Amino acid sequence: MTHRPSLLLVDDEPDALHVLAHCLEGLGTLHVATSGTQALAMARRHPPSVVLLDANMPGLSGFETCQAFKADPLLAACPILFVTAEDSAEQEAKSFEIGAVDYITKPIHPVVVRARVRTQLRLKELTDELRRLALEDPLTGLASRRCFEPQLVREVALAARSGLPIAVMMVDIDHFKRFNDSAGHAAGDHALREVAQALSRAARRPGDLICRLGGEEFAFLLPQTGLGDASTVADRALEEVRRMALPHPGLPEGQCLSVSLGLAAWSPGGPVRDAPSGALLLEAADRALYAAKQGGRNTAYAVQFGPEPFQTRPLHPGSATVSVAP
Ligand SMILES: Nc1nc2c(ncn2[C@@H]2O[C@H](COP(=O)(O)OP(=O)(O)OP(=O)(O)O)[C@@H](O)[C@H]2O)c(=O)[nH]1
């Protein structure tokens, strides 16, 4: 594990905590809680690598505590091992049903507990690494499509519920095939990384997400952002890529690498009252991107999500008032 694991030990009996702490010494940073409520509060501040949880405690029982961990998106992936004097098969089966990864009965055998906890720490380390690999594009370090898509679904659902606007933007490098053909694949990869960094400088709000959809295509997810603010991000993205001034060897002398952008925004006051699905919003952004390519590249086109057929409009630098009649 790159960072030091943290182990949260939860038991209402100080003696039991003492015994556990002694046998797990050296496996990571140990934290102790004497109730389920305290354990949840501590875990929400610093999600632990594993939790060792007593089943029978006053207040929130171990089972209720485990269920609360599993219901919290921040804590659901924490492996929970029950450590309990209850050795009935029913209790053990129930603990696995509610999401525990192991069930250890008291009195404990320290070497066995230590070995079982090590196994869970190793599994957690591998799972975290797999999750990171799946959610991150290895070439650019941006989020991957696999990270973007569920986030888009979530944010569109939130927009529909809260009535706040949302925008998505698709970005495609211009004449990238010619760039690769002239400069070589390694230079193409370098350009992709540079563009990724330039785009990252364009969206600055904490909820904004930029991903590499694949190939030379990128996407922005801009929650709580209407057409006006999204237009500012689009202008900034175009400007950041222009400022890189990366010569394009496949184009006439002096021309640099550029991108085209397609932006689609939905807001409750727009032509469509109900928020579209994430897929429809992305499709609208893709159509705007197509229009930007047709419109000469190195430019952005935008659409306020409305009834079919969409009419995309060129987005002029500085303009934040692109209106689209259905
Ligand atoms: N170096 C590099 N090139 C890639 C990667 N993924 C896709 N490409 C290349 O990106 C190019 C995309 O070409 P096209 O889809 O024809 O688009 P384009 O040449 O950019 O043309 P327009 O989009 O119309 O401006 C292809 O040559 C792909 O091989 C990658 O990971 N690295």
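Reader: Which helices and strands each supply at least two residues of the shell around the ligand?

Author: They are β7 (166-173), α7 (176-183) and α8 (185-200), where helices (H or I, at least four residues) and strands (E, at least two) are DSSP runs, numbered from the N terminus. This is a predicted model, in which local features need pLDDT of at least 70 and side-chain atom pairs count only at pLDDT 80 or more, while totals for chains, interfaces and linings use all residues. Residues are numbered from 1 along each chain as its sequence is written.

Reader: What makes a residue part of the surroundings of the ligand, and how many residues surround the ligand?

Author: A residue is near a molecule if its C-beta atom, placed from the backbone, lies within 6 Å of it. In this model 17 residues surround the ligand, and the closest are D174, F176, K177, G188 and G215.

Reader: Why does P314 count as partly exposed?

Author: A residue is buried if 20 or more other C-beta atoms lie within 10 Å of its own, exposed if 12 or fewer, and partly exposed in between, with C-beta atoms placed from the backbone. P314 has 15 C-beta neighbours inside 10 Å, and therefore counts as partly exposed. P314 lies in strand β12 (residues 313-315), and, leaving aside residues up to four places away in sequence, P314 touches G295, T299 and Y301, contact being C-beta atoms, placed from the backbone, within 7 Å.

Reader: How do you know that the buried residues of α3 line one face of the helix?

Author: The buried residues of helix α3 (residues 62-71) are G62, F63, T65, C66 and F69. Seen down the axis of α3, they fall within an arc of 160° (that of the directions from the helix axis to the C-beta atoms), so they line one face of the helix. Their cover includes β1 (6-10), α2 (36-45), β3 (50-54), β4 (80-84) and α4 (89-97).

Conventions. Two residues are in contact if their C-beta atoms, placed from the backbone, lie within 7 Å.
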